[in-house]
Amino acid sequence: MLVRSARNALPRAALRRPYRFRGCLHTEQETARRRALATHVQHHLPASTDDRALVSLFDQPSSSSQRSPFGTTGLFGHPSLTHPRSLISLAESTLVRAKLLTERILRARESRDELLKVVKNLDRLSDMLCGVIDLAELVRNAHPDRLWMEAANHAYETLCEFMNVLNTHVGLYEVLKAVLSDPSIVKTLSPEAYQTALIFWRDFEKSAIDLPPSQRQKFVSLSSDILSLGRQFLENANTPRPPTSIKASELAGLKDKGMGVRLQLQARFTQKDLQVYPGSLQAQMIMRSAPEEEPRRRIYLAANSSTTEQIEVLEALLRKRAELAQLIGRPSYAHLTLDDKMAKTPENVNNFLEALMDHTRPFARRALHTLAQRKQAHHNLSSLPIVQAWDRDFYCPPDPPAPPIPLPPLTLGTVFMGLSRLFKHLYGVSLRPAESAPGETWHADVHKLEVVDEDQGIIGWVYADLFARRNKASGAAHYTVRCSRRTDDDDEAGDLILEGEEHQLQESQSFEAVKRHRLPNQEGVYQLPLVVLLTEVARPTISKGPTILEWHEVLTLFHEMGHAMHSMLGRTEYQNVSGTRCATDFVELPSILMEHFLNSPDVLSLFDADGTTTLRQTVNHHHDPCHSIDTYSQILLAAVDQVYHSPAASQHYFSSTNELANLHATRGLIPYVAGTSFQTQFGHLFGYGATYYSYLFDRAIASRVWQKVFASTPLSRERGERYRCEVLRHGGAKDPWMMVATLLESHVLEPGDAGAMREEQCQRV
């Protein structure tokens, strides 16, 4: 598509990122290797002044939030974006300019010189729209001001509507077809330009562009229905389930003596059954602490219930997707979605998942046996009982992730300092606090960081909006507000001009001009990337001091900064393949790989600026057997996603509940509970339809990259540069199989076929 906005926010604001696997199924040899690593710490570069400044910036925000009173600007340094109305005006001026550029492309067959510029102009058109759409997407999810949010929604919808027109524009398709059909023109395209052209071509073909007008109209209608049903499905997925009644007598012996006692007192005082809402703190406490099985069973049933309407909405969405795929000649929506992914076919995905199940099943069965023994002892039974779905949290309470070795408390500033030092070791890149002008950010808590390369200077910016606040979007996300691309060969002089619209054209041109920079030691002028990180950690206070992060929050920051560095270092000439604009089943590799670095004591030592803290040379031996059960459950969800987007979805007898029950019966380890329908809460079915396997797949690749490239020397500049040059810098401009094959020196991966998929099946996740 001309605007690939689905890559903008990772994850999307409406979705939660898939479960992050904490139990990585270590073998005994791997555990021994980790013990050995804990006894050796590499020498590392000392913390710089800028590194130390990061600590002050995030740990003492009150002392660093003073901004210069001189000069004012708009959002992200754009002088025009000082008021909500200015964002609407920018969208309108961008629309005028985009229409003129579209007309220029449509006239390209009048001149060979213009045909040579078609791919570049299509990418310019995409960037012109993305530059405003992606900014609006961030504003409507992060800005605290209602007027700004409304303006962002208007701008987003205005330009997305035009985007939908372009995505099914027969004229643009025919011009691109003329370019790719002329060998003499194709010969002039760089590999990156050719890859960009192919992406446009495939996306046009997925939009029924070569079908008769009536069928194209049917495609547009189906796409609109899918979007509408998808929004309705997400609303249903997030709708609180009705409460269930719990008797006070059923809560006898609660292990939780705090909230549990309060609940019992409440029931005695009111003389009524407790009404417990699924997902509430009370429900979570009962699932973990109630010795009696019945209250846990009722809460589980309530939590996984659905109305008939909720099931119908999901199944209508799946049927519409199947119909759309068949309209353009594909057997299923999974076939349509996967043909430009690393996996390529549903068969390859299913083979990968089957192999992963086979690998994980023994560990999960062993864990279930442990739970069955605990349940047997608890009820004083003569034989091993069946472990039910509502038993998991009681007999194996969820355990928060922990660092591989004991660490002192880590503050937010300390973690950012460690990140900067790690990037310095690997890539010669560091993070530097920068003062933001009044009006440049949307909240006083937002901090601006320059990403500085030791040879090229500033190569991009990260705006960190990390502290929780009222009405802020929940969860963690990486937003690409601006992509990298080369701009000095844009040939704006050849663009069409509309008399009477000069002011609007100038507004759009000025917006783009702010982004452009000439870097040392690099040919050409580039638009530098700009990303935003959103999290919701506690804000430091004068009374409590700096924010101390839980280990899962440290993991999240490393994960999101993996996306950020992909955006920063993915330096391509075309924005449509820049940084994280790559295949869905490849985009999580850099972020998951970043989590692996936290397994290294060498990396953990970077959190100590002065080298005065002695890390204990022992590993945390605690192991939660339920990790393997959770991993297996996620594999099942990925398998459900494939079934729901298979040809079966188009059959008149298709039932999402029956398919879920059947999968549990044939592949599951814990019995399916009759009357439940979790699938209506599986929100990723919309945003990750047919690609939910991606997180598992990228975990397998990341594990292999870590072991082969970084595990022995995680601070190696030579290996960091190799990873940067072979993978990160290409974004989506190169076949991801070729990038990984070159990095791992594995020729068997190069074809990206079923054999390559088999290679990844043996990797642990």
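Colleague: In β11, which residue is the bridge partner of Tyr479?

Modeller: The partner is Val532. A word of caution first: this is a predicted model.

Colleague: What makes β7 and β11 a pair of strands?

Modeller: Two strands pair if there are at least two bridges between them. Strand β7 (residues 477-482) and β11 have five bridges, in the antiparallel sense. So they count as paired.

Colleague: Why is β11 called mostly covered?

Modeller: Buried means under 20% relative accessible area. In strand β11 (residues 530-537), seven of the eight residues are buried.

Colleague: Which residues have the most contacts inside the largest nonpolar core?

Modeller: They are Phe76, Phe416, Val532 and Phe558, in a core of 186 residues. Helix α6 (residues 118-142) gives the largest share of this core, 13 residues. A second, separate core has 26 residues, including Leu251 and Trp390. In soluble globular proteins, nonpolar side chains tend to be buried together.

Colleague: What is Phe76 in contact with, leaving aside its neighbours within four places in sequence?

Modeller: Among its contacts are Leu135, Leu138, Trp442, Tyr463 and Val532.

Colleague: Why is the pair Cys396 and Cys626 called a disulfide?

Modeller: Compare the distance with the cut-off. The sulfur atoms must lie within 2.5 Å. Those of Cys396 and Cys626 are 2.2 Å apart, so the pair counts as a disulfide. Cys396 lies in the loop between α18 (392-395) and α19 (412-427), and Cys626 in helix α24, so the pair ties together parts that are 230 residues apart in sequence. A disulfide is a covalent bond between the sulfur atoms of two cysteines.

Colleague: How do you know whether Cys396 and Cys626 count as buried or exposed?

Modeller: Check the accessibility. Cys396 has 2% relative accessibility, and Cys626 has 0%. Buried means under 20%, so Cys396 and Cys626 both count as buried.

Colleague: Why is Cys130 in no disulfide?

Modeller: The nearest cysteine sulfur is that of Cys483, 6.6 Å away. Cys130 is buried, at 2% relative accessible area.

Colleague: Why is Cys160 in no disulfide?

Modeller: Its nearest cysteine sulfur, that of Cys130, is 9.1 Å away. A disulfide needs 2.5 Å or less, so Cys160 has no partner. Cys160 is buried, with a relative accessible area of 9%.

Colleague: Why is Ser633 called partly exposed?

Modeller: Its relative accessible area is 32%. Buried is under 20% and exposed is over 50%, so Ser633 falls in between. Ser633 is found in helix α24 (residues 626-644).

Colleague: What makes Phe710 and Tyr723 an edge-to-face pair?

Modeller: Two values decide. The ring centres are 5.8 Å apart, and the pairing limit is 6.5 Å. The planes are 90 degrees apart, and over 60 counts as edge-to-face. Phe710 lies in helix α27 (residues 694-710) and Tyr723 in helix α28 (residues 717-726), so the pair ties together parts that are 13 residues apart in sequence.

Colleague: How do you know that the charged end of Arg140 sits over the ring of Tyr156?

Modeller: The charged end is 3.8 Å from the ring centre. The distance limit is 6 Å, and the angle to the ring normal must be within 35 degrees. Arg296 likewise lies over the face of Phe394, at 4.5 Å from the ring centre.

Note on methods: Residues numbered from 1 in each chain as written. Predicted model: local features only at pLDDT ≥ 70, side-chain atom pairs only at ≥ 80, totals over all residues. Heavy atoms only, no water. Phe/Tyr/Trp six-rings, centres within 6.5 Å; stacked < 30°, edge-to-face > 60°. Helix = DSSP H or I, 4+ residues; strand = E, 2+ residues; numbered from the N terminus. Buried < 20%, exposed > 50% of the residue type's maximum accessible area, 1.4 Å probe, protein only. Core = buried A, V, L, I, M, F, W, Y, C linked by side-chain atoms within 4.5 Å. Contact = heavy atoms within 4.5 Å.
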